Amino acid sequence: MKNIYTLLWLFLIMYACPSSSQLDGFFSDSFYQKLTSTYGDAAKRRAEKWRSVMLDNQTDSDWSKINKVNTFFNKTITYQDDLTLWGKKDYWASPAETIGRGMGDCEDFAIAKYFSLTSLGVNENKLRLMYVRQLTVNQPHMVLIYFENPKDVPFVLDNFNSKVLPATKRRDLKPIYSFNAQGLWMAKAKGLGRKVTKSKGVSAWNGLVQRIEDGEMHTLTSIN
């Protein structure tokens, strides 16, 4: 049987403008107990700060939400590669796991921001997780992008550069492909392009959503 807090989390993702009671349902005593028993007291403190960000910004504009969520995760989570953190070359952590460990790689930052913003009522059609190449270090990288309107230049939410900037100001990023919960797009102009259904990105996304549904909270020991 699925844990109640994971069902509430999915409910928040699916419906815009969650109420305080719905958020309190997700941040329940059982959620904090499991988080603390898995990751320790520091994880609970991070989750309480996360809850404050979610509760305090429900009625803000999209622009305010993306800046506050971006700042929260960039300040709260420390970068660490998957191999060190999870013992795997590539592991997409759930937002609860990222908060629990207090660490994550670029994918974990982008995923946590994506789910937080959709739970705050930001339309998922305005958001894309985008794989890019970070040209200053010549490495693959993931960011979250936000479109105010479909034909607008998107804004980039990134852990490498903490400022939310339009993509045209991020000459250090070369788009590869982008996707959200509805599918995957090969990146073209402004981060949009041809939708595809078979990709490693789709498989990894589906696996992540399944783990959220199942209420999994892993550690380096439990995942191996």
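Reader: In this structure, which residues in α4 meet Val69, Phe72, Phe73 and Thr76 in α5?

Author: The model is a predicted one. In it, α4 and α5 pack with their axes 11 Å apart. The α5 side of their contact consists of Val69, Phe72, Phe73 and Thr76, and the residues they meet in α4 are Arg46, Lys49, Trp50 and Val53.

Reader: How many nonpolar, polar and charged residues does the contact of α4 with α5 have?

Author: The contact joins Arg46, Lys49, Trp50 and Val53 of α4 to Val69, Phe72, Phe73 and Thr76 of α5. Sorted by class, these residues come to 5 nonpolar, 1 polar and 2 charged.

Reader: Is α4 roughly parallel or roughly antiparallel to α5?

Author: The two helices pack at an angle of about 170°. Angles over 145 degrees count as roughly antiparallel. Therefore α4 and α5 are roughly antiparallel.

Reader: How are α3 and α4 oriented to each other?

Author: The axes of α3 (residues 29–39) and α4 (residues 41–56) come within 7 Å and cross at roughly 140°. The crossing of α3 past α4 is right-handed. An angle over 145 degrees would count as roughly antiparallel, so the term for α3 and α4 is oblique.

Reader: Which residues of α4 make the contact with α3?

Author: On the α3 side, the contact is made by Phe31, Tyr32, Leu35, Thr36 and Tyr39. By class, the contact of α3 with α4 has 7 nonpolar, 1 polar and 4 charged residues. The α4 side is made by Asp41, Ala43, Lys44, Ala47, Glu48, Trp50 and Arg51.

Reader: Does α5 pass α8 in a left-handed or a right-handed crossing?

Author: The axes of α5 (residues 62–76) and α8 come within 10 Å and cross at roughly 140°. The two helices are therefore oblique to each other. The crossing of α5 past α8 is right-handed.

Reader: Which residues in α8 meet α5?

Author: From α5, the contact takes in Lys65, Ile66, Val69, Asn70, Phe73 and Asn74. In α8 they meet Phe109, Ala112, Lys113, Ser116 and Leu117.

Reader: Which element gives the most to the lining of the largest pocket?

Author: The largest pocket has a volume of about 560 Å³. The elements that give two or more residues to its lining are α6 (82–86), α8 (106–119), β3 (127–134), β4 (139–146) and β7 (173–180). The one that gives the most, with 4 residues, is β4.

Reader: Which lining residues lie nearest the centre of the largest pocket?

Author: The lining has 11 nonpolar, 4 polar and 8 charged residues. Of the 23 residues that line the largest pocket, those nearest its centre are Tyr79, Asp105, Cys106, Pro140 and His141.

Terms used. Residues are numbered from 1 along each chain as its sequence is written. This is a predicted model: local features need pLDDT of at least 70, side-chain atom pairs count only at pLDDT 80 or more; totals for chains, interfaces and linings use all residues. Side-chain values use heavy atoms; hydrogens and water are left out. On a 1 Å grid over the protein atoms alone, a cavity is a set of points where a 1.4 Å probe fits but cannot get out, and a pocket is an open set with protein on both sides within 12 Å along at least five of seven lines; lining residues have an atom within 4 Å of a point. Grid points are joined across faces, edges and corners, and a volume is the space filled by probe spheres set on the points. Ala, Val, Leu, Ile, Met, Phe, Trp, Tyr, Cys and Pro count as nonpolar, Asp, Glu, Lys and Arg as charged, and the others, Gly among them, as polar. Axes are lines fitted to C-alpha atoms, for helices over the stretch in contact, and angles run from 0 to 180 degrees between N-to-C directions. Angles under 35 degrees count as roughly parallel, over 145 as roughly antiparallel, 65 to 115 as roughly perpendicular and the rest as oblique. A crossing is left-handed if the near helix is turned anticlockwise from the far one by less than a right angle, and right-handed if clockwise. Contact means heavy atoms within 4.5 Å.
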